[in-house]
Amino acid sequence: MSAALVYARDSRDQTVRHLRALWRQPWWIVVTLMQPIIWLLLFGALFEKVVEIPGFTSDNYLTFLAPGVVVMTALFASGWAGMPVIEDLERGVMDRFLVTPVRRGSLITGRLAQGAISMLIQSVIIVVLALIVGATFPGGVQGVLALFVLATLLGTIFGSLSIGMALIVRHEETLIAIVTGITLPLTFLSTAFMQKSLMPGWMRVVSDANPVNWAIEAGREAVSAGTDWAFVASRAGFLLALAIVCGAFATRAFRAYQKSV
Amino acid sequence: MDYAIEARDLRKTYPGDVRALDGLDFAVEPGTVFGLLGPNGAGKSTTVKILTTLTLADAGTATVAGHDVVRDPDAVRRAIGVVAQKAGVDREATGRENLRLQGQVYGMRGRALEQRIDELLERFGLTEAADLIGRTYSGGMQRRLDIAMALVHRPSVLFLDEPTTGLDPEVRADMWREIERLSSDHGITVLLTTHYLEEADRLAKQLAIVDRGTVVARGTPEELKGDLHGDAVVVELERAYNGEVTRALDRVDGLREISVEGTALRARSDDGARAVPHVLQALEAGGVQVTSVTVARPSLDDVYLRHAGRTFDAAEHETETKQMEENR
């Protein structure tokens, strides 16, 4: 069998393992869906009047908010990707795989693939929920699909970062501190809740360099009427490039772990 | 002769100048159980990590099942099964799922794999628990699953790193029987590391005693004990004496290596039972009061004492103290 096939086979087997573990924790699914529901319902109600601010272009705050909630959910879910890696290290599961001929990369891609699949499912649920509470997606199905792709790319970036950090710090509390310390500021330094033209000047500058904002702005553009696809494609390109860099980082961290055994 | 495992002059130093291996050498004949015996921190686990391709040695060479661990790690990985100190069972998957993934990693598929899984579940008494989640398994069950997983692809060399540490005595006895069966029924070469003298004595056909990263003695357990020539005679004295004890024993023939530590008198004799009345007589004549006498065949503890210059317990204690200092 060719090397690429073995790699694909090993990655699939690992993905199945992780999806199954997730499926067996129904509470995890409930908890991760609680957060987007809170964003949508609570923030949707709290900031309802934002649309009345002069200069706010949308007339429905939920429509404005929904793409951001999809992206944020992918961000937060992927941020925790490193936690089960630490558990595998502590329980000896990682070492068990490393003494077999399993393709090393599949131990990372398996987790990223599982993350992408669960993110897609969550995204579908959020979009349906948003429709129920009154958001609209004028860009239609293709716009929503583009939003999913953008969210998944962002999830892959932060999933790789989280896995890489897990392999370096190897300590759950430290990882929790790092993940929270990165994801929350990035969320509030984006246009998830507020239109860019109404943000303070410095924040606008920062948000231009914020990958979370790339995904949110491009996602919002994709689901709106009269999509500027060139803009969506450029942001998707940025995200893809960053995903490759972060994937390389996770791979390097994995090699460093193997050297330290 | 082609050895199943051959380690030559292995050296490894961990960051912080911790010398784990300092020129370790040994070779294992195919189809036998070989024991690496030593206290915690002697370098046994590092040796296993090098031989199973988990880590690289700084210097030295090693082959397993005829393959060089550095030049051809994948061939080594296909030939070996490993039971590490940490169970490595996926606690979120069932026993059967753990075995299945383990087989898939070696390219096993379909009916052949499912049959092999059933066979192993049966053999390790896990058939009823096969579809329960790993988290619900007891320590002994996890260990058995662990060994079953290591055997799924029918390896020719099996590594057992401290396989009975943390198990209660009954489970340990079961495990010993299983290990004996592996080499006798299946012809697998087993490398066993242990810090239990009793375990090495019972299971290992050949033994290497490891101390401070190097092999200090090797041979069959019987040879090693036979080298000590004779039985240990231990006399418990009523109180600590000064020179009286050794002076009194001067007259007893065939008594060697006499040492007194507090109220414990140790000596060695070719025939311990015959020496006891003479020893007691001499001590009484010398005015030394005795509370008890024991005669013991030489144990591996005596062997260790002889080659490493300290008792096994003292060595274990030393590593523990060192670790505590490092953790501080």
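Tutor: A helix here is a DSSP run of H or I at least four residues long, a strand is a run of E of at least two, and both are numbered from the N terminus. The model is a predicted one.

Chain B holds 12 helices and 14 strands. Along the principal axes, its C-alpha atoms fill a box of roughly 80 × 45 × 45 Å. Chain B has 328 residues, of which 40% are buried. If one takes the contacts in chain B between residues at least 6 apart in sequence, 69% of them join residues at least 24 apart.

Helix α4(B) itself covers residues 110-123, which is 14 residues. Three residues of α4(B) are buried, namely B:Ile117, B:Leu120 and B:Leu121. Viewed down the axis of α4(B), the buried residues lie within an arc of 100°, and they therefore line one face of the helix. The face turned away from that buried side carries exposed residues: B:Arg111, B:Ala112, B:Gln115 and B:Glu122. Just after α4(B) comes B:Gly125, whose phi is positive, at about 65°.

What, then, covers the buried residues of α4(B)? The cover includes two helices of chain B, α3 (95-105) and α5 (139-151).

Just after α3(B), B:Gly107 has a positive phi of about 85°.

B:Arg154 sits in the loop between α5 and β7 (157-161) of chain B. Its phi is near 55°, a positive value in a residue other than glycine. Because B:Arg154 has 12 C-beta neighbours inside 10 Å, it counts as exposed. A further positive phi in a residue other than glycine, near 50°, belongs to B:Arg212. B:Arg212 lies in the loop between β9 (206-211) and β10 (214-219) of chain B. With 16 other C-beta atoms within 10 Å, B:Arg212 is partly exposed.

Chain A contributes 17 residues to the contact and chain B contributes 22. On the side of chain A that touches chain B, α1 and α5 (93-98) each supply at least two residues. The most is given by α1(A), with five residues.

A:Val99 is placed in the loop between α5 and α6 of chain A. It counts as buried because 23 C-beta neighbours lie inside 10 Å. Leaving aside residues up to four places away in sequence, A:Val99 touches B:Thr52, B:Thr53, B:Leu54, B:Arg77, B:Ile80 and B:Val82.

Finally, α1(A) also has a partner within its own chain. Helix α1 (residues 3-23) and helix α6 (residues 106-133) of chain A pack at about 50°, and their axes are 7 Å apart. That angle makes α1(A) oblique to α6(A). The contact includes A:Tyr7, A:Gln14, A:His18 and A:Leu22 from α1(A), and A:Leu107, A:Arg111, A:Gln114 and A:Ile117 from α6(A). The crossing of these two helices, α1(A) and α6(A), is right-handed.

Technical notes
Residues numbered from 1 in each chain as written. Chains lettered and ligands numbered in written order. Predicted model: local features only at pLDDT ≥ 70, side-chain atom pairs only at ≥ 80, totals over all residues. Expected span 1.5 Å × (residues − 1). Buried ≥ 20, exposed ≤ 12 C-beta atoms within 10 Å, placed from the backbone. Arc of directions from axis to C-beta. Contact = placed C-beta atoms within 7 Å. Axes fitted to C-alpha atoms, helices over the stretch in contact; angles between N-to-C directions. Parallel < 35°, antiparallel > 145°, perpendicular 65-115°, else oblique. Left-handed = near helix turned anticlockwise from the far one by under 90°.
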